[in-house]
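Have the sequence and the 3D view at hand.

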Amino acid sequence: MKIAVLNGSPKGNLSVTMQYILYIQKKFPQHELKILNVAQQIKTLEKDQEKFQEVIEVIKASEGVIWGFPLYVTLVSSQYKHFIELISEKGVEDAFKDKYAALVCTSIHFYDHTAVNYINAISDDLEMRFVGFYSAEMMDLMEEEQRENLVSFAKDFFYTIENKLSTTRRYPPLKLREYKYTPSGLINDKEKIHANGKKISIITDLTDEESNLAKMIKSFQDCFSSNVEIINVNDVDIKGGCLGCCQCAYDNQCIYRDKDGFTEFYNTKVKTPDIIIRALTIKDRYFSSRWKLVLDRSFFNGHVPTIIGRQIGYIISGPLGQIPNLRQIIYGMTELADNNLVDIVTDEYGESRDIDQMLYNLAERVVRLSNSNYISPGTYLAVGGRKIFRDAIYGRMRFVFQADHRYYEEHGLYDFPQDDEQAKKMNDMFIPLINKDEKFRKMFYSRTTTEMVKPLQEIVKNPKK
Ligand SMILES: Cc1cc2nc3c(=O)[nH]c(=O)nc-3n(C[C@H](O)[C@H](O)[C@H](O)COP(=O)(O)O)c2cc1C
């Protein structure tokens, strides 16, 4: 059986993920797994139609497709995202239709689920028959149990194809609303908002000046009495996508730093505003690959937040309400960076006047919350994510990501429970008593509810600043 493997790693054959594919190939010599380095060769594939068509022909001639890729910033790499965009731009969706698909990715399990959801949804949109996903921790292949697991996964994939089994669709097609937003005049009638000296920037991937997004950006700008800077990421000199070389991990210096304008752009434009509005258009199930390029290239900062304590707003054109996966990425990344997500205004429902009212509310609220320095406490999306980073940087990744390690030490981010002196004292005192003395145990557990709330009651009684 012929299987096309779409390699999403910019590292090509030196990809960690591809070792999982090669392992499958070793175990199933009767099948032919053809690896296509589409992310690494994205610039060629974009420009050279013949080369692009060669890839498509391999897919057409295959019984199945494996999306094989590394996690890059909660999704796939910008190069891979670009390849996915080329499928519809070049109108070759038919090559994918009805093909069986599976997904093999590697990562440190930080937001691997959102990347899995994304590729599953893309497969569904292409009307492929999505069988399943295998999301491995980078080094899983070193363990016998995991190797067995991988083989079972592959076996199931091949069995499904051989027996032409039916598969389930998880993501219904997106319903796009054709609505032309036209500023209603409501904003012009309102009092202009004073930014109180706060620097406000709108960062966008806008390409069409006539689009809803362009008009929403303008309306938002019009809410203020002072200047709101617009930064278009299409104007930034970016030579290429993140190569995954990790040379930045030592001292946060990107190998591209003298070759293009990204580092300077990041330090002077991205990091400086007090209030940041991201104005983006949904492209397939995410934003554009250009936007993803900016996020991937920001990885030179490692796993530390570089822009903290800011108010963040989103202005989005497209069906965000139908893509909860994307909403989760937005929430997670904002929380994880210790910023506050004020609101997201979209053009997916309401009339122009409603959109104007939402934009005005957003404008007024970002300033108000910035004045009070409000930062929403993180949910599981941030708390869980931080723990993954903390453990990885303290442990196996430390010798590579030394810049992160220094930051984590200096900023007290190694908050392991074993360092919690108060918890240690309580455990040492109570565990022996509870375990040895039945009478004490009964009394203890009968009082947990009242005792747990006591310190909080004290604060409520004597409110401290
Ligand atoms: C720019 C960049 C972004 C990354 N983002 C994530 C991420 O969001 N979540 C995660 O778990 N791992 C992330 N990783 C780690 C890679 O997914 C992991 O090292 C993967 O195994 C690399 O596979 P490859 O060698 O096939 O490219 C990232 C690595 C790089 C270089």
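Into which domains is the protein chain divided? There is domain 1 (2-162), then domain 2 (186-371), and then domain 3 (420-461), with bounds that come from an automatic or database domain assignment. Before going further, note that this is a predicted model, in which local features need pLDDT of at least 70 and side-chain atom pairs count only at pLDDT 80 or more, while totals for chains, interfaces and linings use all residues. Residues are numbered from 1 along each chain as its sequence is written, and side-chain values use heavy atoms, with hydrogens and water left out.

Now find the ligand. Domain 1 and domain 2 both give residues to the shell around the ligand, so the ligand lies between them. The shell holds 19 residues, of which Ser9, Ser15, Val16, Thr17 and Thr106 come nearest; a residue counts as near if one of its heavy atoms lies within 4 Å. Helix H1 (16-27) and strand S4 (100-107) each supply at least two residues of this shell. Helices (H or I, at least four residues) and strands (E, at least two) are DSSP runs, numbered from the N terminus.

One lies 2.6 Å from a side-chain N or O atom of Thr17, and a polar side-chain atom of Lys11 is 2.8 Å from a ligand oxygen. Leu71 takes part through its backbone, where a polar atom lies 2.7 Å from an oxygen of the ligand. Taken alone, the ligand exposes 640 Å², and the protein buries 93% of that (Shrake-Rupley method, 1.4 Å probe).

Finally, step back to the two domains. The C-alpha centres of domain 1 and domain 2 lie 30 Å apart. In domain 1, 25 residues are in contact with 23 residues of domain 2, contact meaning heavy atoms within 4.5 Å.

Notes: A polar contact is a pair of N or O atoms within 3.5 Å; within protein, one must be able to donate a hydrogen and the other to accept it, and residues adjacent in sequence count only if both atoms are side-chain atoms.
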